[in-house]
2 protein chains.
Amino acid sequence: MDFALTIDSTSELPLQQQLYEELRQAILERRLLAGQKMPATRELARSLGISRTTVVLTYDAMTSEGYLEAATGSGTYVARELPDEFLRSQAPGAGHEKKVEVRRRACTQRLSKFGRYLHDNELVGPAVEPEINFALGRPDNDEFPIRQWTQLLNKHCKSRRFSELELPKKSQGYLPLRQAIADYLARARDVNVEAERIIIVNGSQQAVDLVTRVLVEHGDHVGLENPCWFGAQTIFEAQGAKIYPVSVDANGLNVEELRGKRVPDLKLVYVTPSHQFPTGVVMSLPRRLELLDWAEKTDTYVIEDDYDSEYRYEGRPIPALSGLDKSESVIYIGTFSKTLFVSLRLGYLIVPPHLVQTFAHAKWMTDRHSPLLEQQVLADFIAEGHFERHIRRMRNIYEQRRRFAIESLTRHFGDRFKVSGDNAGIHMLVKFQTKLSDDEIVRRAQKEGVLILRTSRIPEEDTAEFIICYGSLPEAKIELGVSKLSSAIGRRS
Amino acid sequence: MDFALTIDSTSELPLQQQLYEELRQAILERRLLAGQKMPATRELARSLGISRTTVVLTYDAMTSEGYLEAATGSGTYVARELPDEFLRSQAPGAGHEKKVEVRRRACTQRLSKFGRYLHDNELVGPAVEPEINFALGRPDNDEFPIRQWTQLLNKHCKSRRFSELELPKKSQGYLPLRQAIADYLARARDVNVEAERIIIVNGSQQAVDLVTRVLVEHGDHVGLENPCWFGAQTIFEAQGAKIYPVSVDANGLNVEELRGKRVPDLKLVYVTPSHQFPTGVVMSLPRRLELLDWAEKTDTYVIEDDYDSEYRYEGRPIPALSGLDKSESVIYIGTFSKTLFVSLRLGYLIVPPHLVQTFAHAKWMTDRHSPLLEQQVLADFIAEGHFERHIRRMRNIYEQRRRFAIESLTRHFGDRFKVSGDNAGIHMLVKFQTKLSDDEIVRRAQKEGVLILRTSRIPEEDTAEFIICYGSLPEAKIELGVSKLSSAIGRRS
């Protein structure tokens with residue numbers, strides 16, 4: 001050996017690691033040359049005063065990593081083509097940045113159609129939290145009964161039953177949770193469904209996404225309410241669907257617009273019958289039956305997104321489409337994002353019996369199953385009555401906030417506004433009397449620190465209709481937001 | 001009014017609900033006829049001794065549900081087309097069951113290609129848990145430090161910071177977790193990556209699924225190791241990709257098989273370089289650099305699934321492809337399913353800068369973001385050192401189990417078996433000396449209560465190679481399983 005190796009037996013570093021680093025450096029600094037024969041392990045061990053095993057293991061590691069090459073019967077050599085040399089030759093040279101830049105710009109060509117849609121569209125909302133956020137359709141996190149929730153978390157952590165969902169058959173979710181949901185739906189929504197038809201998903205977003213993937217092919221037509229929940233529309237569009245908009249009147253979706261020669265073949269119709277988003281209209285029973293009748297005759301699936309049926313402040317709830325469905329046409333979507341908290345990411349699908357296995361497979365393929373611990377906690381939370389207690393409590397709070405918001409609007413706008421839709425939910429649709437364009441109103445509100453959503457997705461179309469989400473805001477914030485809106489809209493341009 | 005209405009002011013039922021039920025029954029029983037004019041609200045209120053508001057609200061509700069019809073200026077009428085009558089006429093009649101049955105059988109025509117793949121393939125595993133499950137590639141849940149985990153859960157529940165991820169910009173996941181992962185990767189994997197490039201997903205299953213959706217179009221070719229992880233193959237196939245298999249030798253993927261005229265244009269190549277699944281081979285550094293070189297020249301993405309690099313029992317880990325990548329070609333997949341527990345459903349993607357926004361959008365579209373609470377807990381769990389302590393502890397346990405499993409196989413099989421692959425991971429590939437077919441071995445093992453996976457996905461191809469997952473099994477179970485395997489394979493047919 002014509003080079004020095006420093007092995008320090010008092011060092012904290014393991015001998016093998018020291019030897020590895022020393023040899024690697026020697027090779028990289030050309031003190032050991034490419035193709036050069038390495039000393040025999042026994043010889044090197046003796047010269048360094050370390051065990052032969054340490055040398056053997058080091059040689060093995062360096063061989064597997066490409067620094068050394070073993071020739072059967074004739075010993076070990078420094079590799080002819082060195083990994084780090086390879087690395088250096090790969091080091092970014094002139095023109096590298098430019099090449100990467102070209103590649104970046106060309107990346108859309110390497111994306112799927114889905115990927116291109118995501119690449120080309122700006123799908124994110126505001127990066128900065130506004131002072132008053134009237135666009136946030138979520139419950140009030142401060143009112144969530146976190147104590148009970150934490151107790152149940154502790155209980156289930158302690159029980160360590162983490163492997164409940166490991167068999168693939170279980171991708172539908174934790175059975176006691178599915179049972180608790182089935183029982184709740186029978187009590188609260190007049191929907192009688194077996195737990196076998198329920199699939200636990202990560203919120204209604206994943207529900208709509210799974211439905212789209214399983215049913216919709218690029219180029220297919222889907223029927224959507226007009227106006228509709230933008231989130232659903234985006235998923236359908238991203239998946240390549242063509243949107244067929246269907247108007248909404250005081251009774252809900254205009255089913256007659258689904259008939260006629262000029263209507264394309266629809267793969268599905270997506271509706272929010274219990275509280276149409278955003279208009280707030282409740283679909284009447286005759287209209288529901290008409291829709292189901294149409295679905296059966298045309299062999300079309302109806303997607304019922306029941307996102308906030310828990311909050312109805314007057315009248316009796318109308319039976320869900322899913323409960324009325326006799327021809328296995330309805331796929332029902334439920335969520336806990338409006339009743340518990342959004343970041344829980346739990347919701348569920350109820351699918352017709354003939355689709356259960358396909359959707360269970362879809363969930364398995366997408367992400368196996370939703371996280372178990374929260375499912376265990378939620379199952380108990382529902383079964384022990386906390387869930388319905390919480391809903392009852394929040395229903396009062398939200399009803400009061402809704403009333404307060406309308407009072408506040410009256411104080412500031414007099415009769416220059418109109419609230420449409422049913423007395424339900426955690427948002428409302430407000431139409432202002434104004435000559436300002438919708439965009440101008442959004443801009444002016446934003447300047448005042450208030451975020452509101454316009455209803456119309458068409459930039460040039462001015463409806464003066466805006467969504468005001470009051471659910472997560474205490475009265476003082478509602479009042480502040482409305483007064484800011486008033487100075488925003490009140491000013492003449 | 002020519003019919004009796006019973007309103008009981010002492011009943012627990014609200015007056016409005018009582019009135020609703022009474023009127024509904026009267027309408028359904030034809031005591032009130034279709035088209036008949038209803039009494040004026042003032043009149044009815046007086047006759048029943050209740051407030052007029054109660055009557056107005058009841059009429060309103062029944063109008064919105066279709067039992068009554070309001071004619072402007074001329075009062076309220078019983079609806080001409082009654083919802084419940086509609087319901088009855090819809091009741092399943094003769095031939096209904098048959099119609100539904102036809103519809104069920106025809107349902108594949110209404111599915112997307114993706115849906116049809118899921119419908120047509122049996123993707124679930126065994127429904128009954130076997131006595132000894134050698135097919136379960138998961139860590140030992142009993143060894144998980146649940147106390148620390150629970151403490152962190154409690155801490156974050158108490159802090160109630162549930163709205164951290166509500167703005168769409170945050171679909172990439174909880175920033176402190178992404179930072180903790182970046183720091184960990186720099187320490188443990190020599191991967192230097194900014195938190196901005198990390199996207200938190202629900203385990204590596206969702207990671208592969210997102211990659212497929214964003215990059216792969218129906219009919220595209222993808223390169224896969226042969227043999228490979230079946231889970232990835234299934235996702236690619238379900239998404240309509242054509243599989244181009246590339247063989248694996250002692251240095252990993254045979255990159256030269258990616259070159260040549262007969263190789264189709266590949267959209268991506270999916271590899272498991274740190275511990276090839278299932279062979280257990282570690283991809284050598286020269287091979288890694290060769291792959292990256294090929295990827296840059298052909299403008300192809302390389303998907304690096306680093307599923308169990310934490311468990312390496314000798315030699316130094318080779319730098320991850322992601323750390324060596326200079327041309328923004330590598331998409332890295334990490335998971336906590338092998339280090340913490342499977343039902344946590346947390347993993348992450350590291351994507352090149354030019355793909356970050358597209359993947360953030362994909363996650364947002366798919367299910368918004370992964371559940372927050374577990375992300376908060378995991379961020380602390382890593383930052384406070386629990387994670388690496390746990391890995392070090394488990395590395396010893398798994399290494400010992402691996403050694404024990406080999407000893408146990410030697411006791412029962414003598415030299416009639418061979419373990420291939422590196423000394424790493426929580427599974428190993430075992431090749432038995434036997435004349436039995438692979439299927440026969442699986443069948444016989446099953447009879448003994450042991451589940452093992454054959455390596456070859458081709459039913460007729462017999463390799464006598466099986467995957468033995470030892471990670472989650474204590475020594476007694478490993479011994480029992482091997483002894484059962486021995487009696488299964490030992491017997492001559």
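## Helix 10 of chain B

The buried residues of helix 10 of chain B are covered by elements that include helix 13 (356-367) of chain A, along with helix 6 (113-120), helix 9 (203-215), strand 5 (221-226), strand 6 (242-249) and strand 8 (266-271) of chain B. Contact here means heavy atoms within 4.5 Å. Buried stands for under 20% relative accessible area, exposed for over 50%, and partly exposed for values in between (1.4 Å probe, protein chains only). Helices (H or I, at least four residues) and strands (E, at least two) are DSSP runs, numbered from the N terminus.

Helix 10 of chain B spans residues 230-238, and seven of its nine residues are buried, so the helix is largely enclosed by the rest of the structure. The buried residues in helix 10 of chain B are B:Gly231, B:Ala232, B:Gln233, B:Thr234, B:Ile235, B:Phe236 and B:Ala238.

## Basis of the model

The model is predicted: local features need pLDDT of at least 70, side-chain atom pairs count only at pLDDT 80 or more, and totals for chains, interfaces and linings use all residues. Residues are numbered from 1 along each chain as its sequence is written, chains are lettered from A and ligands numbered from 1 in the order in which they are written, and side-chain values use heavy atoms, with hydrogens and water left out.

## Chain A as a whole

Chain A contains 17 helices and 16 strands. Its radius of gyration is 32 Å, well over the 23 Å that the globule rule gives for 493 residues, so chain A is more spread out than a compact globule. The radius of gyration is taken over C-alpha atoms, and the globule rule is 2.2 Å times the number of residues to the power 0.38. Along the principal axes, the C-alpha atoms of chain A fill a box of roughly 95 × 55 × 55 Å.

Of the 493 residues in chain A, 59% are buried. Among contacts in chain A with a separation of 6 or more, 70% are between residues 24 or more positions apart. Chain A exposes about 19900 Å², and carbon and sulfur atoms supply 49% of that area. Accessible areas come from the Shrake-Rupley method with a 1.4 Å probe; for residues, only the protein chains shown count as cover.

The 66 positive and 68 negative charges of chain A have mean positions 1 Å apart. Lys and Arg count as positive and Asp and Glu as negative, while His and the chain ends are not counted. Each charge is placed at NZ of Lys, CZ of Arg, CG of Asp or CD of Glu.

## A histidine in helix 13 of chain A

A:His361 belongs to helix 13 of chain A. A:His361 is buried, with a relative accessible area of 1%. The C-alpha atoms of A:His361 and A:Glu374 are separated by 21 Å, the two residues being 13 residues apart along the chain.

## Cysteines

Over all chains, the structure holds zero disulfides (pairs of cysteine sulfur atoms within 2.5 Å). For the sulfur of B:Cys228, the closest cysteine sulfur is in B:Cys469, 15 Å away and too far for a bond. B:Cys228 is buried at 11% relative accessible area. B:Cys469 is also buried, at 4% relative accessibility.

## Backbone features in loops

Two peptide bonds in chain A can be described by their omega values. The bond from A:Asn226 to A:Pro227 is cis, with omega near 0°, and A:Pro227 sits in the loop between strand 5 (221-226) and helix 10 (230-238) of chain A. A:Phe277 and A:Pro278 are joined by a cis peptide bond with omega about 5°. The loop that holds A:Pro278 runs between strand 8 (266-271) and helix 11 (285-298) of chain A.

A:Ala464 is a residue other than glycine with a positive phi, near 60°. A:Ala464 lies in the loop between strand 15 (453-454) and strand 16 (465-469) of chain A and is buried at 10% relative accessibility. B:Asp299, also not a glycine, has a positive phi near 60°. B:Asp299 is in the loop between helix 11 (285-298) and strand 9 (301-305) of chain B and is partly exposed at 29% relative accessibility.

## A loop residue in contact with both chains

B:Asn141 is found in the loop between strand 3 (132-133) and helix 7 (146-159) of chain B. B:Asn141 is buried, with a relative accessible area of 5%. Apart from neighbours within four places in sequence, B:Asn141 contacts A:Arg160, A:Phe162, A:Ser163, A:Glu166 and B:Phe341.
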